[in-house]
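Here are a few notes to read alongside the model. Take them one at a time, with the structure open.

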Amino acid sequence: MRHLMSPMDLSVEELDQLLDLANDIENNPKKYAHACDGKRLATLFYEPSTRTRLSFEAAMMNLGGTVLGFSSANSSSASKGESVSDTMRVTSCYADIAAMRHPKEGAPLVASMSSLIPVINAGDGGHQHPTQTLTDLLTIRSLKGRLDNITVGLCGDLKFGRTVHSLIEALVRYENVKFVLISPEELRVPSYIREEVLTNNNIEFMEVERLEDALPDLDILYMTRVQKERFFNEEDYVRMKDFYILDKQKMELAKEDMFILHPLPRVNEISVEVDKDPRAAYFQQAQYGVYVRMALILTLLEVEV
Ligand code: CP
C-alpha cells in the first residue's frame, strides 16, 4: 500500500507515467468511466478548499466511484478532540482511499501511519501540496510539451506557499530547469528550499523583488496568493497583500509563449483583465487537476484499465 505525502514519493519515471495516464484520461474519458465502480474516496478536509476537494470528488465520480467525507474540522469529531490517527483508522473501515487536508504540517503523514488504506496529502499547512504539484506538472507539460529546459518564475508568498515548495522539489529533478524567485524580503522561500533543494542540487536560481525585472525571461510565471490565514498579525498581511498585481501592462513584458499558472484561489494578484490573455492558463490548470487526480486514484488503488 502506498501513500502520497510529497511529490518526492514518486520517482521521475512514475511521475511521467502518471502524467501519461492523465493525458490518456483527458483524451479517452469513457474508457475510465467504470474503473472504480464500487470504490469509495473519503475527503477529510480540516481546512477550507474549493478546487482540491471538489476535483478529488469529481475525479472519483468520473471513475464510477463514490465519495464521503467532511469539509471542515467543525463538522467532524475533531471538534470533540478526536486525533487524526483515530479518525483515519476509522475512515479505513468506510473507504478505499482518502485525501486529507490539514492546517498542521505533517498531519496527513501521522494519519497515514494508522491507516489501512492509501492516504493522499491534500495540503498540510505551509508544507506540501503534492496533488497541486501533479496538476502543475501536467499543465506545464501539456502546454509547453516538456518539463525540462524551462525558466520558471514563482511570484508572491514563497515562504508559506506550500504549492511553491512542492513544485520546486518536483521540478529540480528535470534537466536544465531554472528558477526566478520573486517575492518581498519577508516572504522569501524558506532556507531549507534554498539550501537543501536548490543549492545542493546545483540548480540555477535567482531571487528578485520586482516582477517586471523577471518577466521577460520566463517560460512559466507561477503566481501565488499572499495567504492571510498563514500570517500571525493582520498588519503584516495588509502590508504584503497587494505587493504584486499582474495586469495587462505588465504582460506586455512577457514572452508570447509564456504561460501564467496560479493554484488559485486568486485575490488581487492577477487582474481579471488578464483572464482574456491567451497566456492565462490558470482555469485550464484547474481542469487538469481532475485528470491528474483520476490518474493518482487509479495508481494508488492499483486499478489497471
Ligand atoms: N489550489 C488549491 O489548493 O485550491 P483550494 O484551496 O480551493 O483547494
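Is H129 buried or exposed?

1. H129 is buried, at a relative accessible area of 3%. Buried here means under 20% relative accessible area, exposed means over 50%, and partly exposed is in between, using a 1.4 Å probe and protein chains only. You'll find H129 in the loop that runs between β4 (119-124) and α5 (130-144). Helices (H or I, at least four residues) and strands (E, at least two) are DSSP runs, numbered from the N terminus.

2. A word on the ground rules. This is a predicted model, where local features need pLDDT of at least 70 and side-chain atom pairs count only at pLDDT 80 or more, while totals for chains, interfaces and linings use all residues. Residues are numbered from 1 along each chain as its sequence is written, and side-chain values use heavy atoms, with hydrogens and water left out.

3. Back to H129, whose side chain has two partners worth a look. With the side chain of R101 there is a polar contact of 3.1 Å, and with that of T52 one of 3.4 Å. A polar contact is a pair of N or O atoms within 3.5 Å; within protein, one must be able to donate a hydrogen and the other to accept it, and residues adjacent in sequence count only if both atoms are side-chain atoms.

4. Now the ligand. Around the ligand are S49, T50, R51, T52, R101, H129, Q132, P263 and L264, each with a heavy atom within 4 Å of it. By class, that shell has two nonpolar, five polar and two charged residues. (Ala, Val, Leu, Ile, Met, Phe, Trp, Tyr, Cys and Pro count as nonpolar, Asp, Glu, Lys and Arg as charged, and the others, Gly among them, as polar.)

5. Elsewhere, helix α6 (residues 162-171) is mostly covered, with ten of its ten residues buried. Among them are R162, H165 and E169.

6. Finally, F243 sits in the loop between α9 (234-240) and α10 (248-251). F243 is partly exposed, at 35% relative accessible area. Its C-alpha atom is 8.6 Å from that of S183, 60 residues away along the chain.
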